[in-house]
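User: Hi, I'm new to this one. Can you walk me through how it's put together?

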Amino acid sequence: LHAALKHKPHITMDDGADLISLLHTDYAAQAKDIYGSMEETTTGVIRLRALERDKKLKLPVVAVNDARTKNMFDNRYGTGQSTLDGIIRATNILLSGSVFVVAGYGWCGRGLASRARGMGARVIVTEVDHLVALEAVMDGFEVMPMADAASKGDIFCTVTGNTHVIRKEHFAAMKDGAVVCNSGHFDVEIDMKALATSAGAPPKELRHSLQEYILPGGKRLLVLAEGRLVNLAAAEGHPPTVMDMSFATQSLAAEYVAKNKGKLEIKVHTLSLEIEELIASLKLRSMGVAIDTLTDEQKNYLASWEGGT
Ligand SMILES: NC(=O)c1ccc[n+]([C@@H]2O[C@H](COP(=O)([O-])OP(=O)(O)OC[C@H]3O[C@@H](n4cnc5c(N)ncnc54)[C@H](O)[C@@H]3O)[C@@H](O)[C@H]2O)c1
């Protein structure tokens with residue numbers, strides 16, 4: 001990031017708002033020269049909205065993550081699949097019949113939970129949002145607090161974008177041999193310090209990306225990729241056939257920033273529906289899928305309040 005900023009860019013692309021953070025701290029003098037920046041992930045957008053809320057944001061940013069062409073596909077299908085890929089590569093565990101706990105039922109969590117169920121796991125969801133938790137219940141998942149899920153799960157994966165979702169008291173309640181991992185952006189979702197303190201001794205590296213912690217009494221807990229993004233550390237991230245949509249969103253956002261240089265308000269912008277429509281139509285075309293077009297009669301019907309009853 002430091003090397004990139006030394007080139008004095010005018011347009012930047014970020015993932016997690018690390019680069020934009022630098023433009024608000026060590027490189028703050030350069031912020032005024034940035035026409036705009038793009039942000040790829042949920043956690044980055046959260047940080048940017050916090051900067052905006054505190055009236056500290058110094059440059060226009062486009063929340064690429066908030067485009068449906070990004071979160072509905074990359075977060076859901078990409079993270080859903082690549083997270084399972086990472087867990088399987090690191091452990092060679094059989095998902096069928098296992099109790100799989102997904103913390104967070106957002107875009108990533110939904111994708112992960114439905115894929116784990118598709119592999120035969122019995123999936124438990126933990127949430128803090130009533131509406132989202134209700135959705136998980138209605139989608140057919142068991143929903144409960146982590147305090148209850150902790151003793152039931154064979155595999156735990158956090159995808160909340162929040163901190164210390166799995167903590168000391170949860171480790172204490174887990175079964176011998178439980179697998180714990182994270183696919184949220186930062187390695188803060190599992191309280192690794194608390195685990196290290198509870199264990200008292202350094203973990204044993206059982207195989208690549210798989211560390212075994214032994215708790216007092218002999219219980220073993222298996223942590224993947226040191227609590228970092230398991231799909232990136234233990235697998236290959238998302239397949240290109242979903243990243244193409246994220247990158248199309250990024251590049252069209254960059255074009256929008258370039259075309260509007262000097263005109264964009266300093267705030268977190270969202271991409272226009274036209275751009276989302278264009279990307280979705282191109283993706284469908286690349287997949288050989290055609291859809292219907294509204295007739296004039298249908299357009300009029302949808303635009304009118306008089307028709308219907
Ligand atoms: N692994 C990857 O490649 C990848 C890809 C995309 C996004 N991400 C990251 O994954 C995380 C989640 O992204 P998202 O798009 O699903 O976000 P989201 O906002 O759609 O969903 C997060 C969900 O977690 C819930 N949550 C928050 N705190 C919780 C807690 N303590 N316990 C249980 N649930 C809690 C929220 O209520 C929300 O429903 C972010 O950090 C994001 O940056 C990772």
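Analyst: A term to start: two strands pair if DSSP finds at least two bridges between them. Strands (E, at least two residues) and helices (H or I, at least four) are DSSP runs, numbered from the N terminus. The model is predicted: local features need pLDDT of at least 70, side-chain atom pairs count only at pLDDT 80 or more, and totals for chains, interfaces and linings use all residues. Residues are numbered from 1 along each chain as its sequence is written, and side-chain values use heavy atoms, with hydrogens and water left out.

User: How many bridges join S5 to S6?

Analyst: Two, and strand S5 (residues 122-126) runs parallel to S6. Val125 stands opposite Val143 in S6.

User: What order do the strands of the sheet take?

Analyst: S6-S5-S4-S7-S8-S11-S10-S9. That is an open sheet of eight strands with mixed pairing. Its edge strands are S6 (142-143) and S9 (204-207), each pairing on one side only.

User: What does helix H5 touch on the sheet?

Analyst: H5 (residues 107-118) touches S4 (99-103), S5 and S7 (155-158). Contact means heavy atoms within 4.5 Å.

User: New topic. At what angle do H4 and H11 cross?

Analyst: Roughly 150°, with the axes of H4 (residues 68-91) and H11 (residues 240-259) coming within 9 Å. Axes are lines fitted to C-alpha atoms, for helices over the stretch in contact; angles run from 0 to 180 degrees between N-to-C directions.

User: Which residues make the contact?

Analyst: On H4, Thr69, Lys70, Phe73, Asp74 and Gly78. On H11, Val242, Met243, Met245, Ser246 and Thr249.
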